[in-house]
Amino acid sequence: MNILKVGDKAPQFTLQNQADEAVSLSQFTGKKVLVYFYPKALTPGCTTQACGLRDSKSELDELNVVVLGISPDLPKKLAQFVEKKELNFTLLSDPDHQVAEAFGVWGEKKFLGKTYDGIHRISFLINEQGVIEQVFDKFKTSEHHQMIVDYVRGH
């Protein structure tokens, strides 16, 4: 895994959202974009993380931050996640994990003694010019949203 670093240009991408509409990173030029990768919709950790971001939406809006959550789930599953948890931001489907690979977050994982390839829970804050401003890779899912807000407020 070769995770992108601060100062790298963010890879351009277009993926389908929860409504099966195409969303491109380039649509958000001039705003900060939090691209957060998570392993699987509707699982406990991912739900905690998503609900924290949902509840921080007004703060993130004030800070001019757009949230894009990316997982290998298909749009239909993302729609269920949004509906069940009343999420108020965009989720994107990366079923062939091309975008995850471009950001360097697809790789070997270990869980319950098994080794497999999957998405690592890493978030990238991309600045208004499309450059990675910060990488968040060590956090509890319950604290992720606050880390983002605190970071952006402090800069």
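## Aromatic rings, strands and surface spots

Phe13, Phe37, Phe103 and Phe124 come together as one aromatic cluster. Rings of Phe, Tyr and Trp (its six-membered ring) count as a pair here if their centres lie within 6.5 Å; planes under 30 degrees apart are called stacked, over 60 edge-to-face, and the rest tilted. Keep in mind that this is a predicted model, where local features need pLDDT of at least 70, side-chain atom pairs count only at pLDDT 80 or more, and totals for chains, interfaces and linings use all residues. Residues are numbered from 1 along each chain as its sequence is written, and side-chain values use heavy atoms, with hydrogens and water left out.

**The aromatic cluster**

- Searching the whole structure turns up eight aromatic pairs.
- One of them is Phe13 with Phe103, an edge-to-face pair at 6.1 Å centre to centre with 70° between the planes.
- That pair ties together distant parts of the chain, 90 residues apart: Phe13 sits in the segment before strand S1 (14–17), and Phe103 is in helix H4 (residues 98–103). Helices (H or I, at least four residues) and strands (E, at least two) are DSSP runs, numbered from the N terminus.
- Phe13 and Phe103 are both buried, and buried means under 20% relative accessible area, while exposed means over 50% and partly exposed lies in between (1.4 Å probe, protein chains only).
- Phe37 and Phe124 make another edge-to-face pair, with 6.1 Å centre to centre and 90° between the planes.
- Here too the pair links distant parts of the chain, with Phe37 in strand S3 (residues 32–37) and Phe124 in strand S8 (residues 123–126), 87 residues apart.
- Phe37 and Phe124 are both buried as well.

**How the strands line up**

- S1 and strand S2 (residues 22–24) pair antiparallel over three bridges; two strands pair if DSSP finds at least two bridges between them.
- A hairpin is formed by S1 and S2, with four residues between them, and Asp20 in the turn has a positive phi of about 65°.
- Which residue in S2 is the bridge partner of Gln16? It's Ala22, and in S5 the bridge partner of Gln16 is Ser93.
- S1 is also joined to strand S5 (residues 90–93) by two bridges, and these two run antiparallel.
- Asn17 has Leu92 as its bridge partner in S5.
- Strand S4 (residues 65–71) pairs with S5 in the parallel sense, over four bridges, and Ser71 stands opposite Ser93 in S5.
- From S4 the chain crosses through H3 to S5, and this β-α-β crossover is right-handed. That label applies if, with the strands pointing away from the viewer, the path from the first strand over the helix to the second runs clockwise.

**Out at the surface**

- Phe111 lies in strand S6 (residues 106–111), and it counts as exposed because its relative accessibility is 52%.
- Lys76, in helix H3 (residues 75–85), is exposed because its relative accessible area is 66%.
- Lys76 and Val131 are 55 residues apart in sequence and 31 Å apart in space, C-alpha to C-alpha.
- Asn64 belongs to the loop between helix H2 (57–62) and S4. Is Asn64 buried or partly exposed? It is partly exposed, because its relative accessible area is 28%.
- Asn64 and Lys32 are 32 residues apart in sequence, and their C-alpha atoms are 6.1 Å apart in space.
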